[in-house]
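Here's a quick walk through this chain, starting from a single residue and working out to the whole fold. Have the viewer open as you read.

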Amino acid sequence: MEMTMTTGEEQLRKAKSAKLILLFAMVSMTMMFAGLTSAFVVSKSRADWLKNFELPTAFYYSTAVIIGCSVTFYLAKKAIQKDNRSATTALLLGTLALGILFVVLQFVGFGQIVESGYYFTGEGSSITTTFLYVVTVTHLLHLAGGLISLLIIIYNHFKQKYNSTQTLGIELGAMYWHFLDLLWVYLFLFLYFFK
């Protein structure tokens, strides 16, 4: 006797598989950042560690912006679940704009650090600023992946591939974006308290 899956069962199985793969990727990324922050803690005992280093103000603003990204992505997911295409469009584009603003603010923050006389590499650099640079740029690289996936989601949304019964792409994008959000908040708090 042969068993055949219905379309709904097949979609559910595909969704579970995709979410599991994304979860494994996020666990892997978490382990990488745990290693980076552990190295940061160990290096803090070095004699050349900057004790009075302050995070740039742009990093405070970027933290608020990335939290805003999670909110707009969440609302976009809720809007498509109600087949509200116009709200979904506005919220996805808002998420993209906030994501780009986050990246811009990160670079503004790098500029503020350099203006304060701290450099990331070379003769004027310190281990403190080099670690800060490595951690934030690594997060930005992961965020670039999030922005690319968001562009694909927006493209698919304009192609009308999402509706109240087909939300997998938006759900996966939102999961990853929330992960990036939590990761940045963790990194920001870590960098703020472990100077």
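## A buried asparagine

Let's start with Asn 156, which has a relative accessibility of 15% and so counts as buried, because the cut-off for buried is under 20%. Keep in mind as you look around that this is a predicted model.

Asn 156 belongs to helix α4, which covers residues 127-158. Leaving aside residues up to four places away in sequence, Asn 156 touches Lys 161 and Tyr 162.

## Another residue of helix α4

Thr 130 is in helix α4 too. Is Thr 130 buried or partly exposed? With a relative accessible area of 26%, Thr 130 comes out as partly exposed, since that class runs between the 20% and 50% cut-offs.

Which residues does Thr 130 touch, once those up to four places away in sequence are set aside? They are Phe 120 and Ser 125.

## The nonpolar patch

Val 41, Tyr 60, Leu 189, Tyr 192, Phe 193 and Phe 194 make a nonpolar patch of about 550 Å². Which helix gives the most to this patch? That's helix α5 (residues 168-193), with 3 residues.

Tyr 60, one of the patch residues, sits in helix α2, residues 57-81. Its relative accessibility is 36%, so Tyr 60 counts as partly exposed.

## The whole chain

Zooming out, the chain has 5 helices and 0 strands, so if you read along the sequence, you get α-α-α-α-α. Its C-alpha atoms fill a box of roughly 70 × 40 × 25 Å along the principal axes.

## Surface and charge

The chain has 195 residues, and 41% of them count as buried; Asn 156 is one of the buried residues. The accessible surface comes to about 10800 Å², and carbon and sulfur atoms account for 67% of that area.

As for charge, the chain carries 14 positive and 10 negative charges.

Technical notes:
Residues are numbered from 1 along each chain as its sequence is written. This is a predicted model: local features need pLDDT of at least 70, side-chain atom pairs count only at pLDDT 80 or more; totals for chains, interfaces and linings use all residues. Side-chain values use heavy atoms; hydrogens and water are left out. Helices (H or I, at least four residues) and strands (E, at least two) are DSSP runs, numbered from the N terminus. Buried means under 20% relative accessible area, exposed over 50%, partly exposed in between (1.4 Å probe, protein chains only). Contact means heavy atoms within 4.5 Å. Patches are made of residues with over 30% relative accessible area and no salt bridge: like charges are joined within 9 Å, nonpolar side chains (Val, Leu, Ile, Met, Phe, Trp, Tyr) within 5 Å. Accessible areas come from the Shrake-Rupley method with a 1.4 Å probe; for residues, only the protein chains shown count as cover. A salt bridge is a side-chain nitrogen of Lys or Arg within 4 Å of a carboxyl oxygen of Asp or Glu. Lys and Arg count as positive and Asp and Glu as negative; His and the chain ends are not counted. The place of a charge is taken as NZ of Lys, CZ of Arg, CG of Asp or CD of Glu.
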